[in-house]
Every structure is written in C-alpha cells, then in structure tokens.
Amino acid sequence: MTGESTTPSIWHGIPVSPGIQIGKLYIYDPAQTTISRRFIRRGEIEQEKTRLADAIAKAKESLLDLRGKVVQSLDEAHASIFDPQLMLLEDPLLLDRTYERIEQQQQNAAMAFTSVVQQFADQFASLTTDSYIAGRKVDIMDLGKRVSQLLASADPETTNSLQFTEDVIILASDMSPSDTAQMDHQHVKGFATELGGPTSHSAILAKALEIPCVVGLGRVLQDARPGQVAIIDGYEGQIVLDPDQRELARAKSRRRRHLAYERDLQKLRTLSAETVDGFRVELAANVELPIEIPHVLAHGAEGVGLFRTEFQYLERAGLPTEEDLFIVYKKVVESVAPHPVVFRTIDLGGDKFLSTLQTAREVNPFMGLRAIRLCLAHPGVFKTQLRALLRASAFGNARIMFPMISSVREVLQAKAILDEIRDDLRREGRPFNEEIQIGIMIEIPSAAVCADSLAREVDFFSIGTNDLIQYTLAVDRGNEQVASLYDPFHPAILRLIRTTIDAAHRQGIWVGLCGEIAANPLCALLLVGLGINELSMGALAIPEIKRLIRGIRLADARRICEEIYSLRTSSDIHAYVREAYRSIQRQRRKSPVVGTS
Ligand code: PEP
Ligand code: MG
C-alpha cells in the first residue's frame with residue numbers, strides 16, 4: 001500500500017466521526033436509473049395515478065424493511081431516522097400536489113413526483129441557514145430517488161452495491177441515510193463525501209456506528225480512482241489519496257496515539273468529574289436528536305443537559321401533535337433514566353424559521369419573536385409541548401427549561417401556563433412528576449444582570465453562552481466576518497457568568513452551562529473555579545473535560561478566577577489562564593495525583 005511514484009493529494013473537509021483508517025477506495029456512484037419524464041394523454045391519467053400509488057406502497061414496504069434491519073443491527077433509536085421519509089410518504093400535500101400535476105398538467109407519475117419532491121426539498125433548505133435543517137433535504141431527495149426508481153421498475157434493493165468482500169473506504173459525492181444504513185459495516189472502514197454537513201443524518205449514523213467519516217471535501221472525486229490507496233482521518237477531517245511512505249507512517253503513528261489516548265480516556269467513563277479536592281461537576285450532553293442517546297451514554301454523560309426540542313417541529317410539514325411529542329420525550333427520558341434530561345421548550349425563530357408558526361419574515365430575527373416569546377404569542381402550541389413534557393415526566397427524570405428569558409415577567413407567564421397544564425392533567429387523572437424541576441436559560445444579558453430576581457422563580461439556571469456572547473458583544477454568532485470578535489474571554493462575558501453563578505448559589509439553586517465553551521478546557525477550568533455545578537456539551541468532548549476536572553484542585557481554579565477579574569483585556573485573561581493551566585499540568589507531571597489519569 002504505497003503510492004511511491006505519485007505525489008499524495010490531500011483534501012480537507014469537516015471531521016464528523018473520529019478515527020484514522022488506511023484502505024482502498026471504493027467510489028460510490030449510485031446507479032442513475034434513467035427515469036422517463038414525459039407528458040401523457042388524458043386516457044393515461046388513471047393508469048399513472050395507480051402506478052404512483054403502487055410505487056409509494058412499495059417504497060413504504062422497503063423503508064419499513066430497511067428500518068427493521070437497522071433495529072436489528074443497531075437499535076430502535078437509530079432506525080427512527082427513516083421515520084421522516086415514512087411520514088413524508090403519508091403527507092397529503094405531497095400526494096395532492098403530485099396528483100394535481102398528473103391530472104392538470106398531464107405529467108407522468110415520475111415527472112410529477114420528482115418535480116414535487118424537488119420543490120419540497122428546495123423549500124425546506126430555504127427555510128433556514130441551519131445546517132441541520134438544510135441537511136433534511138437529503139432525506140427528501142432520498143425518498144424522491146427511491147420512488148422514482150420504483151416507478152422505473154427498478155428495485156432499489158438490487159441497485160445497492162455497498163456490499164464488499166474486502167475492506168474499503170467509500171468516497172462519494174454524497175451519501176443518503178439509507179446508503180449509510182445499508183452499507184456493509186464489516187468492510188466499510190470509513191467514508192468521505194464531497195458534500196454534506198456535520199449534522200446530516202449520515203454523519204450522525206457514521207458517528208453512532210463509529211466509522212471514521214469526513215464530509216464537505218469539495219471536488220475530491222476529480223482526483224480519485226477506484227482501488228487507489230487512501231488515508232481517511234476523521235480527527236483532522238482530511239483524506240489523503242496516494243499517500244507516500246511518510247504519510248502512511250504518520251497516519252499509523254497518529255492512529256496508535258489516538259487509540260491509546262481514547263482507551264485511556266474511556267477508563268474514566270464510570271468515574272465522576274471531581275476535582276482532586278473533592279468538588280463535583282456533573283457532565284451532561286447536548287442532544288438534538290433521540291438517535292444520539294446511546295452514543296451520549298457511551299461517552300459517560302451523566303444525563304442530557306440540553307435537549308433541543310426544535311427538531312421534532314422542523315422535520316415535518318405540519319405541527320407535531322401532543323402524542324407525537326410524548327412518544328419521543330418518553331423514549332428519551334426512559335433511555336437516559338435515572339439520569340436527568342433537561343428539555344428546553346422550543347427555541348424557534350432566530351435562524352430556525354417555521355412557516356406554520358411564523359408568518360412574517362423578520363428583519364432582525366435573533367432579536368425578534370424567538371423561543372419563549374414565540375411560545376407566549378402562541379399559547380396553544382406551547383401548551384401542547386408542555387402537556388407532552390409533563391406526561392413524559394412520569395417515565396423518568398425530566399426537567400423543563402425555558403429559553404431566551406429576558407425578564408421575570410416572562411418566567412411568571414410561562415409558569416402560569418405550566419400551572420394550568422398541571423391542573424388539567426390532574427383533572428384528567430394523567431400522571432406526571434409533581435416535583436419536576438423548572439429552569440431557565442441565561443443567555444440574554446438582562447437575564448444575567450437580573451439573575452438574583454430570576455433565581456427566586458426557578459429550580460436551576462443553564463447559561464447559554466452561544467447567545468449570551470452574541471447579545472452581550474453585539475456579534476452575530478453566525479457571521480464569519482465578525483468571528484474574531486466572538487470572544488468568551490471578554491471581561492464582560494466572564495463578569496456576567498460570575499454574576500449568574502453567584503446569584504444562583506445565593507438562592508440555593510444549581511447552575512449549569514450548555515454553550516459550546518463548556519467543551520473548551522480553559523473555559524471549563526474557569527467555570528469550575530466559579531463553582532459551576534453542571535457542564536453540558538457535545539458528547540465527544542466529555543472524556544477530555546472529565547480528565548481536566550479530575551486533574552485540578554478547586555482551590556487552584558478559584559485562585560485563577562480571582563486573578564482574571566483584575567485583568568482588563570481578553571488577551572491578557574486568555575494568556576493568564578493558559579499559563580496557569582500549563583503550570584498545573586507541569587506540577588501534576590512532577591507529582592501525579594493517584595487515580596486521576
Ligand atoms: C446557547 O445559546 O448557548 C445555547 C446552548 O442554545 P442554542 O445554541 O441552541 O441557541
Ligand atoms: Mg441559545
């Protein structure tokens with residue numbers, strides 16, 4: 001496996017699933033079935049409608065079959081990624097519009113269906129700039145392909161060529177969730193795609209299956225040949241084609257190092273995140289989709305510190321019913337029990353636009369009808385979610401958290417609605433946890449400043465620094481042109497965090513932090529020093545932060561915090577914390593603390 005005579009070609013993308021593998025490339029180009037798209041005669045209309053109904057029935061059958069296979073090879077949670085496609089097949093709008101085209105525009109079934117699917121996919125992708133939501137376009141297109149292939153009398157199962165007799169690394173323009181699920185997991189050692197985002201279903205599945213995966217590589221296929229030797233690096237997010245001896249040796253040694261490091265970190269899985277002098281921090285995970293739960297628990301999360309509930313709303317054409325939501329929430333609390341799950345009520349608005357709820361486009365949506373504001377403006381929608389959450393609380397350790405709180409008034413309004421729901425459920429004799437904890441996100445500066453008043457109204461706070469930073473520093477979190485100003489070490493941010501933690505503790509409530517900075521080791525060090533009770537982050541970062549916490553003393557972290565508040569610039573603060581942490585590490589190497597590695 002050498003590419004001695006050729007120069008290696010290195011492509012960089014987005015790392016989505018860690019691991020390094022060396023293997024032969026298999027270039028996946030899903031057989032493009034030629035689908036005849038044509039106009040039909042009046043007399044053919046009924047026949048085309050029947051053909052469409054048959055194809056839809058068969059697509060449903062094959063999806064259910066595929067779903068069953070995934071339940072067997074993984075679990076129910078992973079199999080549920082096919083549910084949006086199954087739901088879409090039942091969507092009356094999709095069918096009505098297709099029939100309309102067949103009847104009124106006299107298009108054949110394939111032409112009508114693919115056009116409507118394309119329309120749906122475009123609308124979906126244009127709803128938001130959120131990469132997760134835009135990624136659902138792949139599901140819709142996957143369904144379009146499946147039904148079209150059936151219409152062309154091609155059996156989708158027989159066009160699958162992802163079974164192998166030797167180990168391969170797959171390279172493709174894009175991979176749909178069904179491609180990923182059908183792939184031969186024994187021989188596929190990694191896969192890389194030109195397109196795709198980090199939160200696409202394929203990426204999530206790759207992570208769950210622990211297959212190294214890199215997406216968003218750009219036009220790598222132009223350089224690739226079948227059978228060519230390649231290195232896939234899911235840590236750095238790169239693929240090396242025709243690696244030379246140097247690249248191969250480097251990859252092997254990096255792989256050995258990473259495996260040893262991960263084995264080492266994995267030993268911490270069952271240990272608690274406790275400082276050397278006994279201060280305990282709960283490490284929880286941020287979750288967007290129920291299918292992430294097994295992965296989250298495998299990384300030693302002690303619960304879910306932030307369950308973003310928006311996705312159950314954004315994945316479908318209409319609003320979910322109470323029963324739809326209850327089924328999801330119940331499954332989640334049951335699988336995480338006895339650990340807690342903090343369900344954040346919908347944070348729609350901002351960059352997550354839902355046409356069923358938001359009719360007017362806003363000029364400044366991040367400052368507009370977002371999250372709790374939207375819920376208070378649509379109490380019916382809010383009540384449906386609260387009923388589902390309270391009912392699910394009977395099955396595990398659920399907590400409820402309100403996002404985007406800017407004043408005590410909003411908390412009182414939200415709690416009043418929750419009290420109404422409690423009364424209704426009691427009257428109906430439906431069980432729920434009467435002691436359920438209610439919390440709020442502190443992610444707007446006014447909430448941090450008034451944290452003492454807010455703390456009297458709730459059981460916990462979770463600091464949302466992703467938004468707190470953008471609102472405090474007036475820096476759009478999604479705008480790369482001001483990315484250098486998006487600064488967690490800004491003194492204003494650190495002061496607001498301290499104010500919030502102190503206010504919570506004075507009132508005797510716990511306080512967590514669920515913004516991205518929870519996974520930043522230097523920030524985590526400061527947060528421990530400030531006395532944070534819980535840190536919630538992407539599951540992959542948990543072992544690393546646990547190791548950090550187990551290697552420091554609360555007393556040292558506190559001392560560092562005392563110093564930084566006298567420093568005036570973010571760069572001074574950052575440099576000071578970095579140096580202080582290095583010195584702790586040096587000290588530890590000299591006199592290691594037993595049981596912390
Ligand atoms: C935050 O704002 O820090 C947060 C966790 O919420 P989101 O990223 O969903 O806005
Ligand atoms: Mg937020």
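A backbone N or O atom of Gly 464 lies 3.4 Å from an oxygen atom of ligand 1, a polar contact (a pair of N or O atoms within 3.5 Å). This is a predicted model, where local features need pLDDT of at least 70 and side-chain atom pairs count only at pLDDT 80 or more, while totals for chains, interfaces and linings use all residues. Residues are numbered from 1 along each chain as its sequence is written, ligands are numbered from 1 in the order in which they are written, and side-chain values use heavy atoms, without hydrogens and water.

**Around ligand 1**

- The side chain of Arg 344 has an N or O atom 3.0 Å from an oxygen atom of ligand 1.
- The protein covers 98% of the 290 Å² of accessible area that ligand 1 has on its own (Shrake-Rupley method, 1.4 Å probe).
- Helix α19 gives the most to the shell around ligand 1, with three residues.

**The magnesium ion**

- Glu 443 (OE) and Asp 467 (OD) coordinate the magnesium ion (ligand 2) at 2.0 to 2.1 Å; donors are N, O and S atoms within 2.8 Å of the metal (3.2 Å for Na, K and Ca), and water is not among the atoms, so sites may look incomplete.
- Glu 443 sits in the loop between β13 (437–442) and α17 (445–449), and Asp 467 in helix α19 (residues 465–473), 24 residues apart.
- Glu 443 counts as buried because its relative accessibility is 2%, and buried means under 20% relative accessible area (1.4 Å probe, protein chains only).
- Asp 467 also counts as buried, at 2% relative accessibility.

Note on methods:
Helices (H or I, at least four residues) and strands (E, at least two) are DSSP runs, numbered from the N terminus. Buried means under 20% relative accessible area, exposed over 50%, partly exposed in between (1.4 Å probe, protein chains only). A polar contact is a pair of N or O atoms within 3.5 Å; within protein, one must be able to donate a hydrogen and the other to accept it, and residues adjacent in sequence count only if both atoms are side-chain atoms.
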